[in-house]
Structures are given as structure tokens and as C-alpha cells.
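Colleague: Thank you for making time for this model. Could we go through it a topic at a time?

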Amino acid sequence: VQLQASGGGSVQAGGSLRLSCAASGRTFSTYTMAWFRQAPGKEREFVAGIRWTGGRTYYADYADSVQGRFTISRDSAKNTVYLQMYSLKPEDTAVYYCAARPSSNGGSYRLQDNYDTWGQGTQVTVSS
């Protein structure tokens, strides 16, 4: 799987953005997809993940800091995962990365070390 992230930009606090991550590869539908972010001077952190749990069922999970404001979704027909971000705050400012791994892999999908496929990152800047 190869990933191409897009959709970042600059918005004012309270605004919205939608990030997209286009994946190539015929096994996309069975991969766990996730978004991480890295702010200047900080470690890369988990934002949201969507994990295949069998059939056409997926499970979405969020970091506490974005719960209720961000929504992760995927369109298997388009091989794309999205991160819809509402009520953006200045502290959401970061470079956002999408990541992928087979859902059969062990270990927590919240840990960046458990991913071996990454997109190139897209900048999100939220001004107050």
C-alpha cells in the first residue's frame, strides 16, 4: 500500500477541514488506517484510526483530544480514508500523517511504531 495525503490548510479557530488519504493496493479494505499528527517540538501522536473487523465492518477510535470533533471514515470504492475535522482549535495545528498496516498485525494501532506505511504529511494550521 502507498499513501497520498491531502486537504490541509489554514483556518480560524472553530473552522473545519477535511483531510484525505488516497491508498493504492488491492488489500486496502482489510488494512487498519490511521491519522497521526506532529506539532513543532512534540512527539507524533495518534489522532484517529479505523480498523477492519471482518466483512464490511470497521471500528473507529479517537484520541481523547479530538473525540466528538473529528470523524474518520473510509471509502473502499475510492481507496480513500478521510479525517473530517470540526471545531478546530489552535492546538490542533500540526502536520497530519496518514498511516496504514494490515489489520492482522499485532500490537496497538495507536502506536506509530506499529505502522510501516506512511503518507507524506499535510500541514494544518489553526489561528486564534
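Colleague: Where does F46 lie?

Modeller: F46 lies in strand β5. Strands (E, at least two residues) and helices (H or I, at least four) are DSSP runs, numbered from the N terminus. Please note that this is a predicted model: local features need pLDDT of at least 70, side-chain atom pairs count only at pLDDT 80 or more, and totals for chains, interfaces and linings use all residues. Residues are numbered from 1 along each chain as its sequence is written, and side-chain values use heavy atoms, with hydrogens and water left out.

Colleague: Is F46 buried or exposed?

Modeller: F46 counts as buried, at 9% relative accessibility. The cut-offs for relative accessible area are under 20% for buried and over 50% for exposed, with partly exposed in between (1.4 Å probe, protein chains only).

Colleague: Which residues does F46 touch?

Modeller: Leaving out residues up to four places away in sequence, F46 touches A34, W35, F36, D61, Y62, A63, Y109 and R110. Contact here means heavy atoms within 4.5 Å.

Colleague: And which strand is joined to β5 by bridges?

Modeller: That is strand β6, residues 57-62; 6 bridges join β5 to β6, and the two run antiparallel. Two strands pair if DSSP finds at least two bridges between them.

Colleague: Now to the rings. How many aromatic pairs does a search of the whole structure find?

Modeller: The search finds 6 aromatic pairs. Rings of Phe, Tyr and Trp (its six-membered ring) pair if their centres lie within 6.5 Å; planes under 30 degrees apart count as stacked, over 60 as edge-to-face and the rest as tilted. Among them is the pair of F36 and F46, which is edge-to-face, at 5.8 Å centre to centre and with 80 degrees between the planes. F36 lies in strand β4 and F46 in strand β5 (residues 45-54), so this pair ties together parts that are 10 residues apart in sequence.

Colleague: Why is the pair of F36 and Y115 edge-to-face?

Modeller: The ring planes of F36 and Y115 are at 75 degrees, with centres 5.3 Å apart, so the pair is edge-to-face. This pair links distant parts of the chain: F36 is in strand β4, whereas Y115 is in the loop between β9 and β10 (117-118), 79 residues apart. F36 is buried, with a relative accessible area of 1%, and Y115 is buried at 6%.

Colleague: Which residues form the aromatic cluster?

Modeller: One cluster is formed by F36, F46, Y97, Y109, Y115 and W118. R44 is placed against two of these rings: its charged end sits over the ring of Y97, 3.9 Å from the centre, and R44 also lies over the face of W118, at 4.7 Å from the ring centre. For a charge to sit over a ring, NZ of Lys or CZ of Arg must be within 6 Å of the ring centre and within 35 degrees of the ring normal.

Colleague: What about another arginine, R37? Where is its place?

Modeller: R37 is in strand β4, residues 31-38. R37 is buried, with a relative accessible area of 6%.

Colleague: What joins the side chains of R37 and D92?

Modeller: A polar contact of 2.9 Å joins them. The side chain of R37 also makes a polar contact with the side chain of S65, at 3.5 Å. A polar contact is a pair of N or O atoms within 3.5 Å; within protein, one must be able to donate a hydrogen and the other to accept it, and residues adjacent in sequence count only if both atoms are side-chain atoms.

Colleague: Lastly, which residue is joined to C21 by a disulfide?

Modeller: C21 is joined to C98, with an S to S distance of 2.2 Å. C21 lies in strand β3 (residues 17-24) and C98 in strand β9 (residues 94-102), so the pair ties together parts that are 77 residues apart in sequence. A disulfide is taken as a pair of cysteine sulfur atoms within 2.5 Å, and the count comes to 1. The link of C21 and C98 is right-handed, with 65 degrees about the S-S bond. Both C21 and C98 are buried.
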